[in-house]
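Hello,

The structure I promised is below. My notes on it follow.

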Amino acid sequence: MATNVESVNVSTGRATRKKKKVSIVPYLFIAPHLLFFAAFLAWPFFYGVYISLFRFDFLRPENRPFVGLKNYANLFDPGSVQFDKFWNALGNTGEFILWSVLPLVGIALLLAVLLNRNYPGRGVFRTIFFAPYTLSVTVASVLWWWIFQQTGIVNEALQGMGLKPVNWLGDLPGAWVAITVATIWWTIGFNTIIFLTALQEIPKSLYEAASLDGANSRQQFFLITVPMLRSVLVFVLTITLIASANLFGQPYIMTAGGPADGTQTVIYRIFFEGILRGQMGTAAAMSIFVAILLLSLTYLNFKFFGATEQQ
Amino acid sequence: MTTLQTTHKNLQETDVEIGESKVSKFGFYLTLILFALFFLLPLLWMVVTAFKPFEEWLNPNWIPVNPTIENFTSIFNDKSLPVVNWFLNSLLIAFLFTAAILIIDSLAGYAYARLEFPGKNLLFGLMLATLVMPGIMFLIPNYITVSRLDWIGTIQGVIAPGLSGVFGVFFMRQFFQSLPKELEEAAYIDGAGIWRTFVSVILPLSKGPIITLGIITFLTSWNDFLWPLLILGGNRKALTLPVGLATLQGQYTFDYGKLMAGALVLTVPVLILYAIFQRYIIRSISMTGIKG
């Protein structure tokens, strides 16, 4: 790399000062990105913590007293204004994680295995499975909102089979079923492609050896595929967990957080508290608390599953 | 010899596997087709509903009896719904965002891949660290920053925060690192500077990754919902299509045909892009997996 620096100096006409001088050119290359990085990723990291220590009413700049950790304490004080709705939202987010993560990972793995064989039309199926992922959350949500309407096609089908129609979006757990199905439909292609890529990297010789030893395809799946996929499984599990914890657009459009705040999620709550109510201090505190929860979850995930990997 | 044999054997084995028994072959294709229907039928239902007249919306027929385009004309003609504006806003924002990302991330990616400068490792480490930070932490402070800049309701307010992202930088860096160093050395010997080398030697070799990054950046921006909702939510004319469609739903609550027509307008450009650039889109996601 020394040659590079030298040639820089030559090329930029600064050969007179020779090597010692640090070239400014590399900094010009990184400057545009660094500017945005500093303003919208590095700075808000600290600024968010700062805001969370104030009663930061967005609409009343003249009255923003320092309150220390009170915004955090309020989250644990059953008497505070925020307590009930925040923990309700946190509980709902947890519920959606329980609903969604297992199918999002499990079905994606199944789809990837189906796509990993050789047969005519394989590319077409891959195209179809991935297509919804390219759509906007609005399209996915409005579409499934229509499908799960009381007068929608799902209820038509139920009635056609002689069953009672269900008020999917207006009742629990119907609303979670609708949101989960919409989410699976919309995003599962992403996990599928990641699994498919990983499957294609498993050496074929392992399967050959196993089949010579008489292992059937189920044994091959659990004794070769799953262990070989372990690190990718942990990765997919983690990003799916984080994505599910960030649920917002689907309930915003499909249920408006209802019925009775039953599908209001943490992001929804922070949006409500900070943007709609202008309470930036408490919203920032909530964000940081949730971020710490997510980081711990990611850490545990890797520690728990990552450790078994090294056996 | 062995290689040939193995390949041959592989093919044979796969055939045998699928042909194991008629029953399992049938089950395999049945599973595939059921999943394909799960992904396709909702899209088809969107198209069908969009072309149905009012009287047919609530009927479960999959072929409109009297197909019509009135759902489209009525949303385009409704003065309170500037759908054309939304479409143009989405297009403009996605183009500007993509262009900006391609320029600043390939520049930065090249520097982190190939140039030496004090502070490089520190900066790169900082960027890596932000990858694990949950995005929710940045929402409120960035909203305040954008409002301090008086950018609420503006295009730059939607675009600027996203330019801080590190994915594109890593993506381009990874590609530049894979290029042989001899290319640059030859250019330097010929007397070209870093800038000239980058523009006339490196960039022409980078078409593939630039297209890949461009397509996924465009899609991400075109489909983005939460941030444009926060920044543009107060100004009806300035909305993007995804945010606008959500507004449409608020206004036309039970006008299903019109809503599906709106959803279709939002979907068609994306599916066209997907049809043309599928390979690039899927490759970029494969890379995400490898990175993890």
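Which residues have the most contacts inside the largest nonpolar core? They are Trp144(A), Ala178(A) and Ala263(B), in a core of 148 residues. A nonpolar core here is a set of buried Ala, Val, Leu, Ile, Met, Phe, Trp, Tyr and Cys residues joined through C-beta atoms within 7 Å; buried means that 20 or more other C-beta atoms, placed from the backbone, lie within 10 Å of a residue's own. Helix H8 (residues 174–200) of chain A gives the largest share of this core, 15 residues (helices are DSSP runs of H or I, at least four residues, numbered from the N terminus).

This is a predicted model: local features need pLDDT of at least 70, side-chain atom pairs count only at pLDDT 80 or more, and totals for chains, interfaces and linings use all residues. Residues are numbered from 1 along each chain as its sequence is written, while chains are lettered from A and ligands numbered from 1 in the order in which they are written.

Next, the two chains. In contact (C-beta atoms, placed from the backbone, within 7 Å) are 81 residues of chain B and 83 residues of chain A. On the chain B side, helix H14 (residues 256–291) supplies the largest share, 16 residues. Leaving aside neighbours within four places in sequence, Ala263(B) is in contact with Val139(A), Val142(A) and Leu143(A), and also with Met46(B) and Leu245(B).

Chain B is divided into domain 1 (2–50) and domain 2 (76–291), with bounds from an automatic or database domain assignment. Their centres, taken over C-alpha atoms, are separated by 35 Å. Four residues from domain 1 and six residues from domain 2 make the contact.

Regards

Key: Buried ≥ 20, exposed ≤ 12 C-beta atoms within 10 Å, placed from the backbone. Helix = DSSP H or I, 4+ residues; strand = E, 2+ residues; numbered from the N terminus. Contact = placed C-beta atoms within 7 Å.
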